[in-house]
Amino acid sequence: MIQRIQSIYLLFTMISMYLIAFKVPVYSSNEELFMAIDDTKIFVLTIIVMLFSLIGFFLFKKLKLQMKLIRLAVLVKMVIVVRLFMVYYEFGVSLNSNCIFLILFALISLIMAYIRVKKDYDLIRSVDRIR
């Protein structure tokens with residue numbers, strides 16, 4: 001499980017989502033910092049991405065399901081980005097650069113995990129064809 005590089009990528013995603021959800025302020029307005037817990041939609045979406053990554057982490061033997069979960073996590077991650085920019089344009093708040101970095105880091109980690117899972121799946125399919 002942990003020997004596979006996609007497990008490491010999913011672990012990076014889980015850690016960055018945890019930091020966004022509980023530790024790093026998402027945006028600030030008038031010298032007041034807002035965490036993800038303060039915005040219910042962003043908080044729920046980050047928890048969903050964290051759960052999809054956790055479930056995908058333990059489904060290392062079911063590659064098709066793991067790929068579907070990673071795709072769903074990328075989709076929810078995009079919804080988080082859209083929600084952040086909606087808040088930015090609607091309320092005129094400033095987004096925290098650490099939060100933006102963690103979001104991009106998690107998105108890149110998810111994409112890299114998907115690429116590696118797909119490579120494993122293609123390898124297994126090609127070996128099954130040879131037999």
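**Exercise 1. Gln66**

Gln66 is a residue of helix H3 in this predicted model. Decide whether Gln66 counts as buried or exposed, and list what Gln66 contacts beyond its neighbours within four places in sequence.

Solution.
Step 1. The relative accessibility of Gln66 is 0%.
Step 2. Buried means under 20% relative accessible area.
Step 3. Gln66 therefore counts as buried.
Step 4. With neighbours within four places in sequence set aside, the contacts of Gln66 are Arg4, Leu10, Gly56, Leu59, Phe60 and Val117.

**Exercise 2. The nonpolar core**

Find how many residues the largest nonpolar core has, which elements give two or more residues to this core, and what Leu84 touches.

Solution.
Step 1. The largest nonpolar core has 33 residues.
Step 2. Two or more residues come from each of helix H1 (5-23), helix H2 (40-58), helix H3 (63-91) and helix H4 (97-130).
Step 3. Val26, Tyr27, Val49, Leu84, Cys99 and Leu110 have the most contacts inside this core.
Step 4. Take Leu84 from that list. Not counting residues up to four places away in sequence, Leu84 touches Val26, Tyr27, Ile42, Leu95, Cys99 and Ile103.

**Exercise 3. The sheet**

State the order of the strands in the open sheet, name the edge strands, and say which residue stands opposite Ser28.

Solution.
Step 1. The open sheet is formed by 3 strands in the order S2-S1-S3, with antiparallel pairing.
Step 2. Strand S2 (32-34) and strand S3 (94-95) are the edge strands, since each pairs on one side only.
Step 3. Strand S1 (residues 27-29) is joined to S2 by 3 bridges, and the two run antiparallel.
Step 4. Opposite Ser28 stands Leu33 in S2.

Technical notes. Residues numbered from 1 in each chain as written. Predicted model: local features only at pLDDT ≥ 70, side-chain atom pairs only at ≥ 80, totals over all residues. Heavy atoms only, no water. Pairing = 2+ DSSP bridges. Helix = DSSP H or I, 4+ residues; strand = E, 2+ residues; numbered from the N terminus. Core = buried A, V, L, I, M, F, W, Y, C linked by side-chain atoms within 4.5 Å. Buried < 20%, exposed > 50% of the residue type's maximum accessible area, 1.4 Å probe, protein only. Contact = heavy atoms within 4.5 Å.
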